[in-house]
Amino acid sequence: MADHHHHDHREPTGAKLADAARATLQAQNEQWTPMRAAIFDALAAEERPASAYDIADTVSKTRGKRVAPNSVYRILDLFVANNIAMRVESANAYLANAHPGCHHDCIFLVCRNCRQATHVDDDKVTGDVRALAEHEGFRPERPVIEILGTCAKCAA
């Protein structure tokens with residue numbers, strides 16, 4: 001599996017990640033507003049996939065005024081569309097993309113116990129999924145592959 005890459009989203013994130021996210025968004029002619037920056041910072045600080053409600057609560061506390069979850073959803077959708085965040089469909093939650101600008105279809109290993117989501121890139125697997133869809137006359141936009149189970153830490 002030469003095309004297999006493991007990305008650990010539990011690593012601390014910082015200014016370099018926010019700078020890369022900002023640059024990626026601006027390269028798509030999108031603005032990096034203070035609200036977008038606050039939402040990205042809150043998302044990047046999460047150790048596990050976070051819902052729009054989790055992010056809205058965090059940003060509301062930081063800013064000292066309520067931020068509506070529907071506003072957060074719109075920004076998170078923009079982040080996903082521009083590859084600076086990833087959506088874990090089964091959890092209706094999001095992760096900051098630790099590699100903005102890196103274009104891989106994602107595979108998530110989602111622990112049912114602790115809710116940790118490990119992101120794995122495997123271009124052969126996702127390429128095969130895309131090819132299967134195309135063979136069936138389907139035009140894939142974004143394969144969503146999530147494997148639910150128990151992580152090694154919880155299994156121990």
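I started at Asp-105, which touches Asp-121, Thr-126, Arg-130 and Pro-143, leaving out residues up to four places away in sequence (contact: heavy atoms within 4.5 Å). This is a predicted model, where local features need pLDDT of at least 70, side-chain atom pairs count only at pLDDT 80 or more, and totals for chains, interfaces and linings use all residues. Numbering runs from 1 along each chain as its sequence is written, and side-chain values use heavy atoms, without hydrogens and water.

Next I looked at Arg-130: its side chain makes a polar contact of 2.6 Å with that of Asp-105 (a pair of N or O atoms within 3.5 Å, one able to donate a hydrogen and the other to accept it; residues adjacent in sequence count only if both atoms are side-chain atoms).

Buried or exposed, Asp-105? I get buried, at 14% relative accessibility, while His-103 is exposed at 65% (buried is under 20% relative accessible area, exposed over 50%, partly exposed in between, 1.4 Å probe, protein chains only). I find His-103 in the loop between strand S3 (93-96) and strand S4 (106-111), and Asp-105 is in the loop between S3 and S4 (strands are DSSP runs of at least two E residues, helices of at least four H or I).

Then I turned to the helices. The axes of H3 (residues 52-63) and H4 (residues 69-81) come within 9 Å and cross at roughly 110° (axes are lines fitted to C-alpha atoms over the stretch in contact, angles from 0 to 180 degrees between N-to-C directions). I noted H3 as roughly perpendicular to H4 (65 to 115 degrees). On the H3 side the contact includes Tyr-53 and Ile-55, and on the H4 side Val-72 and Leu-76.

Note on methods. Parallel < 35°, antiparallel > 145°, perpendicular 65-115°, else oblique.
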